[in-house]
Number of protein chains: 2
Amino acid sequence: MKQEVLRTLRAILGREHLLTAEEDLACYSFDGSGGDILPQAVAFPDSTEQIAAILRLADKHRFPVIPRGAGSGMTGGAQPIHGGLVLVCSRMNRILEIDTDNLIAVTEPGVITGELQSALQKKGLMYPPDPASLKFCTLGGNAAECSGGPSAVKYGVTRDYIIGCEAVLPSGEIITTGVRTEKGVTGYDLTHLLIGSEGTLAVFTKLTLRLLPLPEAKQTFLLLFSAIEQATELVAEILQSGIMPCTLEYMDHTAISVVRKMLSVPLPDSTRALLLLEIDGSREKVEQQAGTLRKFLAPRPVTLQESTTEEERRQLWQARRSISPATFSIKPHKISEDVVVPRSKIPDLVHYTSRLALELELTILTFGHAGDGNIHVNIMIDKTDRQEYARGLEAKKNLFEQVLALGGTLSGEHGIGTTKAAFLPLEINPATMSIMQRIKHLFDPNNILNPGKIFPEESEQFADHLGDQR
Amino acid sequence: MKQEVLRTLRAILGREHLLTAEEDLACYSFDGSGGDILPQAVAFPDSTEQIAAILRLADKHRFPVIPRGAGSGMTGGAQPIHGGLVLVCSRMNRILEIDTDNLIAVTEPGVITGELQSALQKKGLMYPPDPASLKFCTLGGNAAECSGGPSAVKYGVTRDYIIGCEAVLPSGEIITTGVRTEKGVTGYDLTHLLIGSEGTLAVFTKLTLRLLPLPEAKQTFLLLFSAIEQATELVAEILQSGIMPCTLEYMDHTAISVVRKMLSVPLPDSTRALLLLEIDGSREKVEQQAGTLRKFLAPRPVTLQESTTEEERRQLWQARRSISPATFSIKPHKISEDVVVPRSKIPDLVHYTSRLALELELTILTFGHAGDGNIHVNIMIDKTDRQEYARGLEAKKNLFEQVLALGGTLSGEHGIGTTKAAFLPLEINPATMSIMQRIKHLFDPNNILNPGKIFPEESEQFADHLGDQR
């Protein structure tokens with residue numbers, strides 16, 4: 001990046017909002033999946049107009065712009081793999097409006113998801129998407145990746161709650177998509193085209209969100225199993241029984257073992273898997289559904305524990321949200337996937353990963369959002385052990401092929417980024433891939449916006465882009 | 001269309017599946033909003049491959065292709081306004097799969113919405129979108145227009161239930177979008193880009209639908225009001241009270257008057273407006289919500305009638321679904337809009353239309369999906385009365401401007417088609433319109449697929465495209 005460009009960036013942003021010192025750049029070289037390539041600069045814009053000016057400059061001088069929120073993404077979406085300018089939206093963190101009459105909020109992209117949720121809770125409202133990183137991830141990042149979370153089984157994911165946005169195209173043009181009403185079909189659905197596009201088509205500058213009334217009550221159940229397939233086979237059955245949980249999380253015994261010490265409630269040693277199930281709604285409805293659940297489970301091989309205190313519930317959730325970081329007590333690195341299969345195929349998937357772990361002599365954990373078939377598969381490795389690393393990569397490729405054979409998809413909520421780009425052609429046929437790439441070219445003819453993400457790069461071989469790390 | 005092209009079409013389709021006689025062409029010249037321009041031919045393909053071959057031919061010879069299902073659309077989407085070939089998907093009416101374990105169905109586009117719903121009901125399942133035309137409209141048409149219906153207030157619209165599709169691009173390329181799992185973020189969301197694109201980007205050949213378990217019980221309430229604003233002001237309040245209706249329909253006194261004779265239950269003469277409210281769910285939940293509703297309404301100026309028999313319920317729905325055709329007892333033509341405003345603005349909108357009716361000496365009905373702010377405004381006219389017609393057009397333009405001023409949108413579920421194309425720039429800014437049009441050009445460089453829809457044509461003036469009719 002030329003000095004002249006840096007000078008212009010400083011003029012747009014104000015001197016203190018552009019970082020170029022190496023120690024600062026290092027902080028913006030990675031996301032939740034790792035990364036070690038430094039950008040040339042890091043910008044902290046404060047307005048739509050600043051972002052438009054930056055993109056016009058980038059388009060003219062052809063330098064990459066990598067938009068990001070908190071950098072908590074899991075697939076390399078925020079990594080500056082081709083250098084350039086990292087565009088951090090953290091200063092654009094204003095909740096612009098909460099319309100309690102119409103259940104709509106308008107926010108800037110840098111608002112932290114959990115902070116919006118707290119603000120809404122005080123007004124008796126809810127914004128459902130709840131990624132594990134909700135205490136630090138941002139709504140803009142959630143929109144870019146179409147984040148999910150445990151509540152997706154009942155409430156859906158980010159795309160189900162963003163009904164409109166303002167965004168800046170790589171040309172600097174500012175577009176306004178969608179509506180701020182419950183319904184709307186005027187022109188093409190650009191809102192959904194941008195959600196999940198991983199910062200490759202436009203930069204979000206405002207988001208219009210659909211809200212729900214906060215449920216009156218919530219109850220938490222822990223279902224303990226002495227055999228793993230007892231848990232996995234129950235998932236589809238529970239959802240067909242008339243119970244509509246707002247959480248249906250699964251952990252295998254390895255996932256349990258890494259967070260067991262965080263729980264004050266002791267789990268029996270025989271526990272080989274568990275389901276964490278929650279029901280929400282009016283008090284009457286929760287009671288009624290709890291009754292249905294108890295009756296449904298009574299004849300089945302499962303131990304039911306009901307959380308009675310808020311503290312127990314808090315611990316359970318802290319444990320659940322800590323699984324991913326806690327896995328590093330097993331091995332220093334991991335290959336972390338968030339594949340999805342039809343719910344009825346979860347037993348097959350989990351059985352397959354167990355077999356894969358045995359065959360390839362690897363530790364593989366499975367946990368996650370069983371209710372919607374979105375299973376997090378963590379293949380634990382030590383990258384300095386070249387042979388183990390190679391076996392890990394082999395496991396990843398086999399896993400993806402098996403997931404697709406089961407009618408599944410490569411990613412439920414983490415996106416493709418760099419870590420799965422090489423595998424995208426396994427799922428998406430050439431004609432479909434071609435029209436996606438032509439859309440990218442239409443929006444971004446000079447390929448300045450988050451280049452190298454989603455689509456395999458020309459030089460790319462499977463082996464080059466297999467590495468997930470932290 | 002040259003003889004050579006017709007010969008090739010016959011070879012692709014089989015002689016009996018291509019119509020060219022004028023009396024046949026006339027049957028495919030209009031949709032639910034009218035139309036009188038004949039196509040040159042009508043094709044009834046039976047497979048994805050036939051559609052691909054037809055589109056390749058059209059792209060080569062540059063003739064328009066107008067895909068359609070039942071032609072029940074309300075905004076001209078299925079009208080062959082530039083002639084060409086009407087592509088009717090009615091033979092592709094197979095339900096390919098109902099996966100009860102994973103709550104997924106796969107269908108062809110010509111399946112009648114109501115027929116899928118009946119098939120699902122027998123298995124205890126539900127596909128929620130329920131346009132008033134559900135007994136004859138098709139899933140492909142619903143997808144193209146992103147149709148809604150009364151159940152949208154609780155369950156959402158078509159875009160919330162189509163999770164993937166197979167579609168043919170104007171080039172003849174076959175793409176496969178989305179997933180058949182609950183979640184998925186792999187590449188750009190082409191599914192949602194195609195839904196609501198009104199047959200201008202691709203032709204659907206398979207749809208993957210998300211299903212829900214059929215609710216156990218449903219209860220119907222009729223809320224009668226002696227003043228219109230008592231009804232409109234209650235809508236937002238009901239939805240904030242903890243009641244989640246699966247239907248919250250509104251009719252003003254004119255709408256009531258055109259269907260009154262279809263009801264065996266007499267309505268008091270003082271009835272100036274009504275709300276039709278339904279609650280569904282488990283028996284316990286319905287009872288609990290009904291109790292909450294009775295308590296909520298008790299102190300308010302409303303007469304509550306509870307439907308006790310299935311026959312009463314059937315009549316009520318028949319009356320509701322008959323409003324649109326029944327309005328022609330008032331005047332021979334109408335300008336029919338499906339604007340949306342934030343729920344809290346419904347009283348303002350309805351008040352505005354009353355004023356407009358008075359000022360312009362017109363009969364204007366308001367009815368529709370109050371629960372999501374989607375109000376059907378029917379401006380009744382006699383087109384042969386040139387002055388009345390002109391006043392009708394003036395009312396339409398004023399209505400749109402008011403709707404946008406209230407934070408609303410031009411269409412909730414009918415789309416833009418030809419009847420609103422000239423007005424789209426009132427809602428969508430030039431940069432956003434430009435990227436939409438460039439997407440159209442990317443998909444369809446020769447403009448063969450449903451030309452003249454959504455976007456105002458170059459020669460178009462407001463006055464040229466104002467006419468809705470039947």
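Colleague: Is A:Asn378 buried or exposed?

Modeller: Bear in mind that this is a predicted model. The general idea is a cut-off: buried means under 20% relative accessible area. A:Asn378 has 1%, so A:Asn378 is buried. This residue is found in strand β18 of chain A, residues 374-381.

Colleague: With what does the side chain of A:Asn378 make a polar contact?

Modeller: With the side chain of A:Lys334, at 2.7 Å.

Colleague: Now the interface. How many residues of chain B are in contact with chain A?

Modeller: 72 residues of chain B, meeting 72 residues of chain A. The area buried between the two chains is about 6,000 Å². Carbon and sulfur atoms give 59% of that area. In chain B, the most area is lost by B:Lys183, B:Val185 and B:Tyr188, together 17% of what that side buries.

Colleague: How many salt bridges are there between chain B and chain A?

Modeller: Eight. One salt bridge joins the side chains of B:Arg159 and A:Asp189, with N to O at 3.5 Å.

Colleague: Which element gives the most to the side of chain B that touches chain A?

Modeller: α15(B), with nine residues. By class, that side of chain B has 29 nonpolar, 27 polar and 16 charged residues.

Methods. Residues numbered from 1 in each chain as written. Chains lettered and ligands numbered in written order. Predicted model: local features only at pLDDT ≥ 70, side-chain atom pairs only at ≥ 80, totals over all residues. Heavy atoms only, no water. Contact = heavy atoms within 4.5 Å. Buried area = accessible area lost by both parts, 1.4 Å probe. Salt bridge = Lys/Arg side-chain N within 4 Å of Asp/Glu carboxyl O. Helix = DSSP H or I, 4+ residues; strand = E, 2+ residues; numbered from the N terminus. Nonpolar A, V, L, I, M, F, W, Y, C, P; charged D, E, K, R; others polar. Buried < 20%, exposed > 50% of the residue type's maximum accessible area, 1.4 Å probe, protein only. Polar contact = N/O pair within 3.5 Å; in protein donor to acceptor, adjacent residues only side chain to side chain.
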